[in-house]
Amino acid sequence: MAMRMYDLILKKRNGGSLSKEEIEYFVNGYTRGEIPDYQVSALMMAIYFQKMTDEETLDLTLAMADSGDKLDLSEIKGIKADKHSTGGVGDKTSLVLAPMIAALGLKMAKMSGRGLGHTGGTIDKLESFPGFRTALSEDEFIRNVSEVGMAITGQTGNLAPADKKMYALRDVTATVDNISLIASSIMSKKLAAGADVIVLDVKTGSGAFMKEEKDAFRLAEEMVQIGTGAGKKTVAVVSDMDQPLGYAVGNILEVIEAVDTLRGKGPKDLYELCEALGSCILTEAGAASDRMTAEKMLREVISSGAALEKFAEFIRAQGGDDAFVYEPEKLLQVKEIHDVRSEKSGYVFRILSDEIGTASMLLGGGRQTKDSVIDLSVGIVLKKKVGDYVEAGESLAVIYSNSGEKTKEAEERILASISISDTKPPVRPFIKGIVAAHK
Ligand code: URA
């Protein structure tokens, strides 16, 4: 008997589980335009309330991953790794992690987005280098990963079109925030991108998609389970995004901070995160026997300068001017640099990351709409982070701006988002945990 979408909606609405065939039927039918938005919306809402089993979640992910092109990385020798971040403020992790891993002889094959919001995505940040090309053909991408050990490109091909349609639909029908739907959406794109090892950088806190730690862990667990179920080595690191990562927020400012980190002079939290993610990749790939060995290998490519050299090689291979890798400050073009001074003395108790991100966006560093043009030079560099002591009149942050009016607006936001207290806040671990497959 032919399947009917109506029956699938009814079954899920009443708490039943959909079979693999039923899931493939609606995913393929929707991708081809044969099943209308209103029926898929109703099914998404039924899933939102009734949830999905682990098996349904895996089947949905696989069906979405198979709905369009898939990257075939098999001709690249060695282990190919990919990394995904759930997003945060000041997140320049890929710019540091990928060259560290490639300098150790593994392959990083990464597709990145431009992103809406606080700053651009990794692709925008890389475009800070004059000439850098972010739209590689599939052949070029594969060649660069093979020869350089890493490549980062905007999406090539038509990857997971079912997810693209369904995510847009969920966005307007209040059905985004179901953990299984989020996990399958993210993982469908990662599976279609073809790597052998997938490391997930899951953030939690005020600047993260998952504000609550328990939700971040649930998302991490589900994604690891999906990846493992699909035959990929998958591991997640859950880390704190209750304040921006590092000090810099803004595209070129973040490139400068990434280069500092590759020189061994970066912020502690950013390095710690790269070390945790990097160790997961090295151990999952079998390149290191344990975490301590992996951490030592990672430290060595920083101290020897090999990771920085790899970054320069990568910039050159994608057409960028690698002279700026050694002097990234020369990329900055701003009319004014303005200190935001603390109104009182005390300990920095809280920094609302979202608000710092919004201040950077308002300066012109991020997109408010899909078509906004971003100013790569503007942004904010924090001078203090949670737990630091500040004197009245001392600088809390520095604004890099191309408009006096916007500087003022950003300053007000920054001051409102940083709370100063007489008491020192409790020290909280930055890495909240690592989620690996159940053996
Ligand atoms: N990011 C995604 O790619 N998908 C979701 O569903 C949520 C966040």
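Mentor: Domain bounds here come from an automatic or database domain assignment. On that basis the protein chain has domain 1 (5-50), domain 2 (80-327 + 432-436) and domain 3 (333-421). Residues are numbered from 1 along each chain as its sequence is written. It's a predicted model, with local features needing pLDDT of at least 70, side-chain atom pairs counting only at pLDDT 80 or more, and totals for chains, interfaces and linings using all residues, while side-chain values use heavy atoms, leaving out hydrogens and water.

Trainee: How many residues of domain 1 are in contact with domain 2?

Mentor: 12 residues of domain 1 touch 12 residues of domain 2, where contact means heavy atoms within 4.5 Å. The C-alpha centres of these two domains are 32 Å apart.

Trainee: Ok, helices. At what angle do α1 and α3 cross?

Mentor: Roughly 15°, with the axes of α1 (residues 5-13) and α3 (residues 37-50) coming within 8 Å. That makes α1 roughly parallel to α3; angles under 35 degrees count as roughly parallel, over 145 as roughly antiparallel, 65 to 115 as roughly perpendicular and the rest as oblique. Axes are lines fitted to C-alpha atoms, for helices over the stretch in contact, with angles from 0 to 180 degrees between N-to-C directions. Helices (H or I, at least four residues) and strands (E, at least two) are DSSP runs, numbered from the N terminus.

Trainee: Which residues of α1 make the contact?

Mentor: Met 5, Tyr 6, Leu 8, Ile 9, Lys 12 and Arg 13, while the α3 side includes Val 40, Leu 43 and Ile 47.

Trainee: And α4 with α9, what angle there?

Mentor: Roughly 40°, the axes of α4 (residues 54-65) and α9 (residues 179-192) again coming within 8 Å. The two are therefore oblique to each other.

Trainee: Switching topic: in what order do the strands of the open sheet run?

Mentor: The four strands go β6-β9-β11-β7, with antiparallel pairing. Two strands pair if DSSP finds at least two bridges between them.
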